[in-house]
Amino acid sequence: MPLDPITHMALEVREVSVHFGGVRALDSVTFGVMGGTVTGLIGPNGAGKTTLFNVLSGLQTPDQGRVLLAGREITRKKPHQRAQLGLARTFQRLELFWSLSAGENVRVGAEAVVQWWHPSHIRQTLGRGTPVRPGGPGTPAHGSAGVAALLERVGLGGLDWEPVDGLPTGQARLVELARALAIGPQVLLLDEPGSGLDDSESAVLGDLLVELAGEGMAVLLVEHDMDLLMRVCSQIFVLDYGQLIAGGTPEEIRANPAVQAAYLGSAQ
Amino acid sequence: MHEFLQFTVIGIAIGAVYAVAASGLVVTYSTTGVFNFAHGAVAMVSAFSFSEMTVTHGLPVWLALVVVIGVEAPILGVLVQLLMRRLFGASVERSLMVTLGLLLILLGAADEIWGGQSSRQPGQLYSGATSYSVLGVHLTVANLLVMIVAAGVAIFLGFFLKRTRTGVAMRAVVDDPDLLAMAGASPARIATMGWIIGVVLAAVAGILIAPLQGGNLSQTTLTLFVVNAYAAAVFGRLRNLPVTFVAALGVGLGETYIGNYLQQYEPGFTQNWLSVPSQTLPIVFLLIALLILPQDRLRAVGRAVTTRIPKVASLGQSLVGGAAVVALALLASVALGTDWQGIVRQGLIFGIVALSLVLLTGYAGQVSLCQVTFAGVGAFAMGKVTGGGSWLGVLAAVGLSAGVGMLVAWPTTRLRGLYLALFTLAVAAFADAWFFTNTNYLFDYNHSSSLLIKRLGLFGISFEGNRAEMILLAVAFALASILVLALRRGVFGRRLVGLSDSPAACATVGLNVKATKLAVFGISAGLAGLAGALYGTNQGFVGALDFQFLISLNVLLMLVIWGARSTSGALVAGLCSAVLLQKGGNLSGIILGVGVLVIGWLPNGIIGTGWPMLRELVRDRSPGEAPAPEAELVEDAGHAA
Ligand SMILES: Nc1ncnc2c1ncn2[C@@H]1O[C@H](COP(=O)(O)OP(=O)(O)OP(=O)(O)O)[C@@H](O)[C@H]1O
Ligand SMILES: [Mg+2]
C-alpha cells in the first residue's frame, strides 16, 4: 500500500558548524528535507557535504547547531540510536563488510533493527508474509526472503551469496544502498551513490529513489551527476566552503549565478 | 626533605632511561605505523651482549659500545625493516602479531645463548663507584650519566627531526604520506631510519638501565622495564615526543616516590598487596595512561586489506567434525604413551582457549593478549567453589571469567587495535604480578604453592582416569567448537564480522557497537574460563606460573599461524602450543616467532589458505564433477583436516 507523500520536515539542520583546525568545514548551515521528496545536496570538492552527513549520522560531533529527525532533537544521540529512529546512510568511500556476502551485508542491517517484538517480525510470524517491497520507510527487510526481495529491488537479484569484495564498484555501491534500506529508514542519506554506476544502473537508481520518495521516504542525495539530480530532485541545496549559498528547484539552481561561480571557480 | 631530594634524583635518573626507550618507540611508530612490542627485548639483548663483551670477554667499554650501539643495533633495525616491508598497508593487527613474534624470537635467542632467567653482571660503563654530593644529595656517576645521555638524545632528536632533510621527511610521513612522495623522499628509506633510531635507542636504554637496577640484569626486569616506556609513549599518544619525554620523567618519579613511600610507611600494604612494587607500578601506570586516552571516534575506514572468510561449516558438518575430534581423542588415549597423552590433554584445553580467540580475534577482530589470564580466573573460581572440582565450580568459572572479561572490555570499548592490545597486555601483566602471586587472605590465589582442583564426575562416571579425562576434554572442545560455529552462522556472528570490517557502518545501521563488544568479550572470556577450570581438573592443581602472559601470547600466535578464523585451526593451534610448551624448551619461542614471521602475511593462516587451495587442486584434476555452490570454500569440514 503506497503511502501518500507526506509533506512534513523529516530532517532539519539548524545552524550546524564544524571546524577542523583552521578549516571551517561547515559554517552555520541551516536547511530541511521534506518527507516524500528527493532533495539534492551539491557543492565543489571539499565543500563539506560528507562532513554534513557525518554530523547527521552522528559520526561527527558538531561544534554547534542542532539536528532534528521528524521534529525530534537527535543532536546528542549515538549513531546506532539515530539509525533505530529511522536514519540511514551510505558512504562516499565504500564502507562495506568486505568479508561477507552481499546478502549477509544486508542482513546485518536488517537484523540490527528487526527484533522479535518488531511489527514486521510479528507480521511474518502471523503468516502475513514479507512486505512485497521491503526497504521502504518503516518496512525493514526481514529474513532471507526479505533480503532477497530487497536485493532484487536495487537491481542485484540473485547476488545473495556473492562475496562483496569481488563486486565491481557500482554493484558494491548498490549493496550499500540495500544495506541502508534494510532498516526501513524514514530518512536516507546517500553520498554519491551514482559514482561508479553505468548508465543503466544509474537509471535504475533514479527510478528507485523516486519510488522510495513516493512511499514517503525523505532522501538527501549528494551527487555530481547533474542529469540524475535534475531528474529526481524536487529541491537542491548548494554548499560552498561550508556555507549554504543557494537552495531551490533544479531549474532555479541551474540558473543561479552564485552556483555557477562556485562551480566554475573551483573546477577550473 | 633531604630524603625527598634523594628520591627525586633517583626518580629522574630512572625516568630519563624510560624517556630514551619511549622516544625510540615513538620515532618508530610515527614513521612506520608499527608499535614495536619487541622494544624491551631489543634492550635486553643489547644489554646482555654489552655485558658479554665487557664482563665475560674483557673488551674495553668504548669498543663494546661501538659494537652494540653502532653495529649490532643498526643491523637489527635494518633486518626488522626488511621483515616489515612486506606488511606495508596491512592491518594494525597483522603488524602487531609480527612484532610479538619478534619478541618471542629475541627472548628465545637470549634464553638459548645466555641461559634461562639467570641474571648477569652489567658491564661497567665507568670505573669506580665515585659519587658526588650536591646539597647533601648523593649523585652517583650512573645517575649523572643517564641524565646526560637522555638530555643528549632529546637534543639530538630535536635537531635531527627539525633541521635535517631526512628528519623533516620523517615528521611529514605522519601528517601526509603523499606530501612526502612529492618531496621526493623514499618511504622505504624513511621507514628504515625509523627502525634504526628506534632499535638504537632501545639498545642505549638497555645498557643504561642495568647499573640502575642494582647491578644485575635479568631477562624479566629488562623486558618489563619497557612497560614504563609504553606508558610514557601512550601519554604522548605515540606521536608527541616532548609529551612522551615529560611523561617518562613523571613515570620515573612516580615509581620511585610511591615505591619507596609504600616500602617505608606501609610495609603491610606492600606485603599484602604488591608483592613487588617495581613490577606492579609500571603496569598500573600503563593502565592509567590507556584509561585516560580520549574516546576513539567511530570513523569510516574505507576499504582495508581484507580477506574473504571461507564459508562456515554447517551444523551437520560441525557435528561430524566434533565427533571426529572425540574419536581421535579416544584413539590417542589408546595409541600414545602417557607422556604424549598428557600433551594431547593439555592441547585440547589450549584448543578451547584458541576457540575463544577465534570468536574474539578471528571473527570480531578484537586482539586479546590476556586470554589465558581469563582461564586463570576460571581456574580460581573452580578451585574456590565447593572445595575444587565440582560442576558448580565449572559454572562459577565460566560466570566469573565472563564477568571479568566484560569488566576488561568495558573501558576498552572506546579503544581499538593497538591500544586494545596494549590494554589486554597490561591486564595480563597485572594479573601475573599481582593476582596469581597474591598471598593476601582475600584473594589468596594459591594457599602455599598451588590451588587444588579435583577431577569431575558425571552421573556416576568418574573422570579420575586419564583416558576418561581425555574424552571429557575432547567432548568439551567439540561442544565449544559447535557453539562457536553456530554463533558464527547466526545473527551474532554476522555482527561480529561486521564489527571487525567496519564499526562505523555497524553503528549507522543501528547496531550498538559497545554492547556487541561487551557481549563478545563476555562469551569469549567465559569460554577461556571453562578451559581454565578444565586445566585445573586435568593437572590436579594450578599455580602462579600456569596462566602467564607468555602462554596467552603462545596460543594467540599459534592460532594466527594456523588460521584465526577457523575452528580446526584452533584445535591444531592448541595441540601445537602444548607440544611446544612441553617439548620445545628454549627453542619454542624461536620456532613460534619464526612461524609468525613466515606465515604472518597469510591472513587466513595455514588452514584457511591451504584448505581452499587443496579443493581447488582437486577440482582441477576432476573437471567432470563441478561441486555444488554451497560446497565451495567449506572449511572446518572435519576437524581432523
Ligand atoms: N577528519 C578531517 N580532518 C581534517 N579535515 C577534514 C576532515 N574531514 C574533512 N576535512 C576537511 O573538511 C573540508 C570538507 O570536507 P568534506 O569531505 O566534507 O567535503 P565534500 O564536500 O564531501 O568533498 P568531496 O566532494 O570531495 O567529497 C575539506 O576541506 C576537508 O579537507
Ligand atoms: Mg564527500
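1. Is A:Thr50 buried, partly exposed or exposed? A:Thr50 is partly exposed, with a relative accessible area of 27%, where buried means under 20%, exposed over 50% and partly exposed in between, using a 1.4 Å probe and protein chains only. This is a predicted model, in which local features need pLDDT of at least 70 and side-chain atom pairs count only at pLDDT 80 or more, while totals for chains, interfaces and linings use all residues. Residues are numbered from 1 along each chain as its sequence is written, chains are lettered from A and ligands numbered from 1 in the order in which they are written, and side-chain values use heavy atoms, with hydrogens and water left out.

2. The magnesium ion (ligand 2) has A:Thr50 (OG1) and A:Gln92 (OE1) as its protein donors, at 1.9 to 2.1 Å; donors are N, O and S atoms within 2.8 Å of the metal (3.2 Å for Na, K and Ca), and since water is not among the atoms, sites may look incomplete. The two residues are 42 apart in the chain, A:Thr50 belonging to helix α1 (residues 49–57) of chain A and A:Gln92 to the loop between β6 (87–89) and α3 (102–113) of chain A, with helices (H or I, at least four residues) and strands (E, at least two) taken as DSSP runs numbered from the N terminus. A:Gln92 is partly exposed, at a relative accessible area of 32%.

3. Ligand 1 is surrounded by 14 residues, with A:Gly46, A:Lys49, A:Thr50, A:Thr51 and A:Gln92 the closest, where a residue counts as near if one of its heavy atoms lies within 4 Å. The largest share of this shell, three residues, comes from α1(A).

4. Oxygen atoms of ligand 1 lie 3.1 Å from a polar side-chain atom of A:Asn45, 2.9 Å from a polar backbone atom of A:Gly48 and 2.8 Å from an N or O atom in the side chain of A:Gln92. The protein covers 63% of the 630 Å² of accessible area that ligand 1 has on its own, areas coming from the Shrake-Rupley method with a 1.4 Å probe.

5. In chain B, B:Thr537 sits in helix α21 (residues 513–539) and counts as buried, at 1% relative accessibility. Its side chain is joined to that of B:Glu469 by a polar contact of 2.9 Å, a polar contact being a pair of N or O atoms within 3.5 Å of which, within protein, one must be able to donate a hydrogen and the other to accept it, while residues adjacent in sequence count only if both atoms are side-chain atoms. A polar atom of the B:Thr537 side chain also lies 2.7 Å from the backbone oxygen of B:Leu534.
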